[in-house]
Amino acid sequence: MKAAELFVRCLENEGVDTLFGIPGEENLDVMDALLDSTLRFVTTRHEQGAAFMADVYGRLTGRAGVCLATLGPGATNLVTGVADANMDRAPMVAIAGQAATTRLHKESHQVLDLVNMFRPISKFSVQILEPEIIPEIVRKAFKVAGTEKPGCSFIDFPENIAGQQVEGKAPLKVQFPALPTPSRDKIAQAADILDRAEFPIIMAGNGVIRSGACAELVDFAEKLNIPVATTFMAKGVIPTSHALSLGAVGLQADDYISCGFDRADLILCIGYDIVEYHPYLWHKRQEQKVIHIDSLPAEVDEHYIVACGVIGDIKAALKGIVAESRYHAKNVVTGLRQTIVQEFQAQANAPDFPLKPQRIIWDLRQALAPEDIVVCDVGAHKMWMARLFQAERPNTCIISNGFAAMGIAVPGAVAARLAYPDRHAVAVTGDAGFLMNAQEIETAMRLRLPVVILVWNDGSYGLIKWKQMNQFGRESHVDFGNPDFVKYAESFGAKGYRVTTADELLPTLKRALDDDTVVVIDCPVDYQENLRLTEKLGELVCPI
Ligand SMILES: Cc1ncc(C[n+]2csc(CCOP(=O)(O)OP(=O)(O)O)c2C)c(N)n1
Ligand SMILES: [Mg+2]
């Protein structure tokens, strides 16, 4: 068979069902071989869209999302989405076509050294130099991408190799390593430290979701009476409605939840990764002890010196420690939780127009079922969503907080809808991030994927304006004009709605979710709330 065909067989063997990408001249053989495979190819309108789709598909399914581009400019367009997956620990395999190996040694049309270009933004970056090594390369790419901590593998596939014949080769057996059970000693040491603590608190990170340990985490918290804060990327590991949930941490300023950390004498970091939230922001004075429970040893950081590391399978670690520890009866956080819950509700009925961020989020939560999926973009809206959107289940509020690249929400919501056709998918995005990948509306329309895109319209790079005002008291080059988002949506054959009073938002959202097509909602937002929040948190008095 042709090498390209063997390559496609290997993808099938890995359980890949979907590829996102754009065909090019240098991957003609692969594109042709796909026609005789079980794989679904989603043709996108920008390689960045394809990469973000693979990123979110991988994060939601736990299996590597796959994207494909041609050489040179096709491959450079993948870069942001690849880096995002890699830093957000989402499993991904990115594939690019390449010129024939007979012209890689010289200056040549569209030729770039892609293996080196992708090296710093991937775990494994490789070129296929002989057809015979395809089974090993594909197997290794998927194994590396999917093994803790997950990330991206990049494969460069020169066109002359793809067209060669290869005999007697077949895909390799799919094997992933099981994480080792943490040692008994470490479990005993952690349980002992925990026993002696009075006010332990849990900081759960995305690793809890990746290792499927959410139920064990909730059980652990309940049996030992320990409150749980999550990172932005771990929203939903414990239902926000749970009495022990303290919401999400991640603002660069103190928030109510900081009071929980300040009171604590022990912080249990579970599946937490410092890429998600700098330790100096929650461990400034380093007065609390830290226990690190994760698949891999703690990263070195001067604010993250651990008293004990329990390394290995997170589920096994939690089960082991819970069996040897005690209920912390004094560890009451009712007052703090009440304050946090009041924050969720405080502006639920605010009649103001443009709408307050708090009201937008409240109405969005009312409109969605607990299992529906929100993919959030990056900006001021993300800060508000992370703080106030009440996620009840893991992986229902996708936030990029490793690489935090704008433009993820629209392609991400398309991928969410593909991964879970029975759930609603909503892209929550700023007006700037929206236009970074709005072209993927066409992809969603073509694939008949209903997606709701809720655009927070402030005519500005709102988050940057917020920071400029905080730091310098004046803004610099952050405003822009917007197209008519309703007409823009309609030009794709999608629907567009404009919210003109606060009370219109909830019915508009419900209608959009029922419309069964792509809908763009233009929702004007009042970001004066940003500075009000900064002021309020600056004067924060701890409710415990
Ligand atoms: C690709 C990319 N470019 C720039 C940034 C830096 N950045 C972070 S938020 C932001 C502004 C986002 O504006 P918008 O999408 O309108 O959201 P808003 O802050 O107004 O809610 C910028 C420029 C980034 N994170 N990613
Ligand atoms: Mg904006």
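The crossing of helices α3 and α4 in this predicted model is right-handed, a term used when the near helix is turned clockwise from the far one by less than a right angle, anticlockwise being left-handed. The model is predicted, so that local features need pLDDT of at least 70 and side-chain atom pairs count only at pLDDT 80 or more, while totals for chains, interfaces and linings use all residues. Residues are numbered from 1 along each chain as its sequence is written, chains are lettered from A and ligands numbered from 1 in the order in which they are written, and side-chain values use heavy atoms, with hydrogens and water left out.

**Helices α3 and α4**

- Helix α3 (residues 47-61) packs against helix α4 (residues 72-87) at an angle of about 25°, and their axes are 7 Å apart; axes are lines fitted to C-alpha atoms, for helices over the stretch in contact, and angles run from 0 to 180 degrees between N-to-C directions.
- The two helices, α3 and α4, are therefore roughly parallel to each other, which is the term for angles under 35 degrees.
- On the α3 side the contact (heavy atoms within 4.5 Å) involves Glu47, Gln48, Ala51, Phe52 and Asp55, while the residues contributed by α4 include Gly74, Asn77, Leu78 and Thr80.
- Sorted by type, the residues of this contact are five nonpolar, five polar and three charged, where Ala, Val, Leu, Ile, Met, Phe, Trp, Tyr, Cys and Pro count as nonpolar, Asp, Glu, Lys and Arg as charged, and the others, Gly among them, as polar.

**The six-stranded sheet**

- Six strands form an open sheet in the order β14-β13-β15-β16-β18-β17, with parallel pairing; two strands pair if DSSP finds at least two bridges between them.
- Strands β14 (397-398) and β17 (495-498) stand at the edges with a single partner strand each, so one side of each is left without a neighbour in the sheet.
- Within this sheet, β13 (residues 373-376) and β15 (residues 425-430) run parallel and are joined by four bridges, and Cys376 has Val428 as its bridge partner in β15.

**Helix α17**

- Helix α17 (residues 409-419) lies across β13, β15 and β16, and runs at about 175° to β15.
- Among the buried residues of α17 are Pro411, Arg417 and Leu418.

**Strands β8 and β9**

- Strand β8 (residues 228-231) pairs with β9 in the parallel sense over three bridges, and the partner of Val228 in β9 is Ser245.
- Strand β9 (residues 245-249) is mostly covered, with five of its five residues buried.

Terms used. Buried means under 20% relative accessible area, exposed over 50%, partly exposed in between (1.4 Å probe, protein chains only). Angles under 35 degrees count as roughly parallel, over 145 as roughly antiparallel, 65 to 115 as roughly perpendicular and the rest as oblique.
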